[in-house]
Amino acid sequence: MSAYGFKNSFKTSLPKVLTLCALVAFSHFCLGANPLNSISQNSTLQNDATQDSTTTDSTPIDSTLIESAESQDFADSIISRVQSTQQDSQALQSSQPPIIAQILNRTQFYGHIGTFGKSSFGKHRDSYLTLHFAANLSYDFYAKNDHLLNATIGIWGATSLLGGALRHNAHEYLGNHIGDEVGNDWNSNNAFLRYSYRGFSVQAGRFDALVDWVGEHMQGAHIAYDFKYGEIYGAWVNEYAHSSREETSNFVEFKELYYGGNEFVLGVKLGRGEYRLGDIYAYYLTDFFYMLGAKISQDIALGSSPFSLNILAHGNYLSSQRKGWAIGSINESRKLGDTYLITLQPSISYEKSKVAYKLGIGYARTGANDFLQAHMGGNLYIFEAEDETPFMYNVIAPGGYHNGTQQTNMFQGNTDSWWGFGALKINPVVFSLTARHSKGTEKRSLGGEQLQIALGFGWNIYKGLHLGLIGVYMEQKMRDEPSAPTNTSYGKAFLEYRFFTP
């Protein structure tokens, strides 16, 4: 079949796949159905299992795997649900032949299905509605005595229900994102092997990016070693892709945006647990730039009270091998050259019983040229909607670099940004408030000056069913309209069911 024929066939078949996934997720949610329970009792497997009939592994679920697959909030809900169904799971396994029970015990199936929408109220509108899903199957070949050998495979899929800015060709995204035709899209965002032994771990394939400035999924390898005073890690990134509610791209970002090449990462995490100090790291993208950075992140408990103080200080210097306004595979509005990014963000948090809140302020400053590394996966999570925000209790974020015509100007050259944020969590609901003002020396197509105020709401409705809403007032002074600010306000919402089969 030709590539064109396959693409058309896929566009026709994906809605059917999404419908099937919706039915599976719905049956799991409403009836407690376990898709893995339908595994047939294979007589050959039963015979082969005779010698193991007296033993059954009780492998604990790998929390690191869970954290890399979903947010920390989701991981917590997964662990809670697994604990609550442990007895039922054991009863199920005891009723199965030993080999079937062993397979079930070593297998995890997790993912989500949901819908996401965005509507713009001011000028430069980009409104759309999408249906998206993710399904992952993970199997522990061996998990005992500090050893783990795991294989995971997964898929991310999405289809446009109305309008669209979900799927993009990378060339068009940085330029005329909104004019891009949107249809069905998908990628195989998880396909990896992971091995760990005591403090050593290695992971290779496609997986959730495990380094700060690459996101959301990387193709390559990651290696790490825990030692007494921290962790040493390294990564080879051959490609990366975006897989989020708003945006899906394939593993072609380096090729289409950054002249190809490979990225190499080397870093050290200093300190452990409550004595964690921060990170020192270096990034090198071949034939493009290298970057040196350091991050200090301190959580300081205030005595025996439920309050704690967090200090985040982040500094990065980027040296570019390409100078001037970008042409060719990068949109011409990107200004290349040596630059830096400095971030400072103190905050205070409170947590007791079912109530928690956090308040903080922040400041960021860029050098003379654009800080392009932020586009690959910036870690100012309180703004980037494609990333869940653990310290904001996973309430939906207003959006940052990947946000259509409301794209942030925080990382443009010679720009100062100030922001404040707060979040209140009273289980099962969360409220958030963020405000940002960014001002650059040049009026650009994305806005030389921006003001953004956002009010968000999150609700864990019932056992994995999540609702998120956010309204954003935004104005910016555009390059072609310098005399007065342009209103580019918008709102976003999602409804999502996240499932996990123990």
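## A buried salt bridge

D212 and K295 are both buried. This is a predicted model, and in it the side chains of D212 and K295 meet in a salt bridge of 2.8 Å, taken from N to O. D212 belongs to the loop between β5 (200-208) and β6, while K295 belongs to strand β10, so the pair ties together parts that are 83 residues apart in sequence.

Side chains of opposite charge can pair when their charged atoms come close. A search of the whole structure finds seven salt bridges, and two others are described next.

## Two other salt bridges

E231 and K269 meet through their side chains in a salt bridge of 3.7 Å, N to O. E231 is in strand β7 and K269 is in strand β8 (residues 263-270), so this pair ties together parts that are 38 residues apart in sequence. E231 has 16% relative accessibility and counts as buried, because the limit for that class is under 20%. K269, at 25% relative accessibility, counts as partly exposed.

R498 forms a salt bridge with E496, and their closest N and O atoms are 2.9 Å apart. Both R498 and E496 are buried.

## The chain as a whole

The chain has nine helices and 21 strands. Of its 502 residues, 51% are buried. Its accessible surface comes to about 22,600 Å², and carbon and sulfur atoms account for 60% of that surface.

Contacts between residues at least 6 apart in sequence were also counted, and 62% of them join residues at least 24 apart.

In soluble globular proteins, nonpolar side chains tend to be buried together. The largest nonpolar core of this model has 43 residues, and the members that touch the most other members are W213, V214, Y258, Y283 and F371. Eight elements are listed as giving two or more residues to this core: the strands β6 (217-227), β7 (230-241), β9 (278-285), β10 (289-301), β15 (355-366) and β16 (415-426), and the helices α8 (253-257) and α9 (373-377). The largest share, four residues, comes from β7.

Leaving out residues up to four places away in sequence, Y283 touches V211, D212, W213, V214, E263, F264, V265, F289, Y290, M291 and Q373.

W236, F264, Y284, Y290, L292, Y317, Y340 and I342 make a nonpolar surface patch of about 750 Å². Strands β10 and β14 (339-352) each supply at least two residues of this patch.

W236, one of the patch residues, has its place in strand β7. Its relative accessible area is 37%, so W236 is partly exposed.

## Backbone exceptions

Most residues other than glycine have a negative phi, and most peptide bonds are trans. The peptide bond from N427 to P428 is cis, with omega near 10°. P428 is found in the loop between β16 and β17 (429-440).

S353 is a residue other than glycine with a positive phi, near 55°. S353 sits in the loop between β14 and β15, and it is exposed, with a relative accessible area of 75%. N414 is also a residue other than glycine with a positive phi, near 55°, and it is found in the loop between α9 and β16.

R194 lies in strand β4 (residues 185-197). R194 has a relative accessible area of 12% and is therefore buried. The side chain of R194 makes a polar contact of 3.4 Å with the side chain of Q203.

M410 is found in the loop between α9 and β16. With a relative accessible area of 3%, M410 is buried. M410 and A374 are 36 residues apart along the chain, and their C-alpha atoms are separated by 9.6 Å.

Conventions. Residues numbered from 1 in each chain as written. Predicted model: local features only at pLDDT ≥ 70, side-chain atom pairs only at ≥ 80, totals over all residues. Heavy atoms only, no water. Core = buried A, V, L, I, M, F, W, Y, C linked by side-chain atoms within 4.5 Å. Buried < 20%, exposed > 50% of the residue type's maximum accessible area, 1.4 Å probe, protein only. Contact = heavy atoms within 4.5 Å. Patch = residues over 30% accessible without salt bridge, like charges linked within 9 Å, V, L, I, M, F, W, Y side chains within 5 Å. Areas by Shrake-Rupley, 256 points an atom, 1.4 Å probe, with all protein chains shown as cover. Salt bridge = Lys/Arg side-chain N within 4 Å of Asp/Glu carboxyl O. Polar contact = N/O pair within 3.5 Å; in protein donor to acceptor, adjacent residues only side chain to side chain.
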